[in-house]
Structure formats: structure tokens, C-alpha cells
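Here is a short briefing for a first look at this structure. It takes the charged pairs, then the strands, then the sulfur link.

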Amino acid sequence: QVQLVESGGGLVQAGGSLRLSCAASGTISSINAMGWHRQAPGKQREFIASASSGDTTYYADSVKGRFTISRDNAKNTVYLQMNTLKPEDTAVYYCTAAKWRTTMSPGYWGQGTQVTVSS
């Protein structure tokens, strides 16, 4: 099993920045990609970004150029740097992990952290 614990959510004004962190524990050897999904009120969860163990990254079009995913494999941690935040970025952000090269269909989920962007 893999456990994922997020931190770093909060309230920020539009145009501001936040950095989310997620630490993985458990059977780390089973993980290839780590990433992020989000779920806005009344909407389905959507893929945001992922990074493979070889640092291949993927982004949703809605965040490309504003968000940056990175990993520290020595710490089993993935980060999401979010810049130029918009009110529509308001959502619960979930850390994800997968045995595959991307987390578009993750096998593991964190509990989520709230990000609220005020206008």
C-alpha cells in the first residue's frame, strides 16, 4: 500500500501563488508517477499534472504555463507550484500516484487539500 499526505493548501488572492507538497510512504517501490488531480465544486475530478520517476511531466491545458510539477525522489515527495492563480482554480487538490508513467488514471489518492482563490 501507498499513503499520500498533502500539505500547502489555503486561501490566496487571484494572481497569487501557492505551493502544494505531497509525501509518499509505504510501498514506494511500486510507484512510478506521482501527480495531482483536483475537484471543483459541482464538477468531476480532473487530471492536473504528473511527473514520472524519470521526470517526464504532463500537464492539463488549463494549467500549462502556470503550474509546475516537480519531484524529490530522495524524499518521496512531489510538489505543485501554482502561479498566477485564478478563481476557477478553486478546488480540492488531490495528490496521486501510479505504477504507470502518468497519473491520469492513478491507483493511489491522498485525502486532498483545499485551495481557494478569491477574486
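A search of the whole structure finds four salt bridges. A salt bridge here is a side-chain nitrogen of Lys or Arg within 4 Å of a carboxyl oxygen of Asp or Glu. This is a predicted model: local features need pLDDT of at least 70, side-chain atom pairs count only at pLDDT 80 or more, and totals for chains, interfaces and linings use all residues. Residues are numbered from 1 along each chain as its sequence is written, and side-chain values use heavy atoms, with hydrogens and water left out.

**Salt bridges**

- Side chains of opposite charge can pair when their charged atoms come close.
- Arg38, Glu46, Arg66 and Asp89 are linked in a network of salt bridges.
- Glu46 pairs with Arg38, and their closest N and O atoms are 2.7 Å apart.
- Arg38 is buried, with a relative accessible area of 5%. Buried means under 20% relative accessible area, exposed means over 50%, and partly exposed lies in between (1.4 Å probe, protein chains only).
- Glu46 has 32% relative accessibility, so it counts as partly exposed.
- Arg38 also meets Asp89 in a salt bridge, at 2.9 Å from N to O. Arg38 lies in strand β4 and Asp89 in the loop between β8 and β9, so this pair ties together parts that are 51 residues apart in sequence.
- Asp89 is buried, as is Arg38.
- Lys64 forms a salt bridge with Asp61, with the closest N and O atoms 3.2 Å apart. Asp61 is exposed, with a relative accessible area of 66%.

- Strands (E, at least two residues) are DSSP runs, numbered from the N terminus. Two strands pair if DSSP finds at least two bridges between them.
- Strand β4 covers residues 33-39, and six of its seven residues are buried, so it is largely enclosed by the rest of the structure.
- Strand β9 (residues 91-98) pairs with β4 in the antiparallel sense, over seven bridges. In this pairing, His37 stands opposite Tyr94 of β9.
- Strand β5 (residues 46-51) is joined to β4 by five bridges, and the two run antiparallel. Met34 has Ala51 of β5 as its bridge partner.
- The hairpin of β4 and β5 has six residues between the strands. Gly42 in this hairpin takes a positive phi near 75°.

**The four-stranded sheet**

- An open sheet is formed by four strands in the order β1-β3-β8-β7, with antiparallel pairing.
- β1 (2-7) and β7 (67-72) stand at the edges, each with a single partner strand, so one side of each is left without a neighbour in the sheet.
- The twist averages 20° from one strand to the next. Axes are lines fitted to C-alpha atoms, and angles run from 0 to 180 degrees between N-to-C directions.
- Six bridges link β7 to strand β8 (residues 77-82) in the antiparallel sense. Thr68 stands opposite Gln81 in β8.

**The disulfide**

- A disulfide is a covalent bond between the sulfur atoms of two cysteines. The cut-off used here is a pair of cysteine sulfur atoms within 2.5 Å.
- The structure holds one disulfide. This disulfide joins Cys22 to Cys95, with 2.0 Å from S to S.
- Cys22 lies in strand β3 (residues 18-26) and Cys95 in strand β9, so the pair ties together parts that are 73 residues apart in sequence.
- The torsion about the S-S bond of Cys22 and Cys95 is about -80°, so the disulfide is left-handed.
- Cys22 and Cys95 are both buried.
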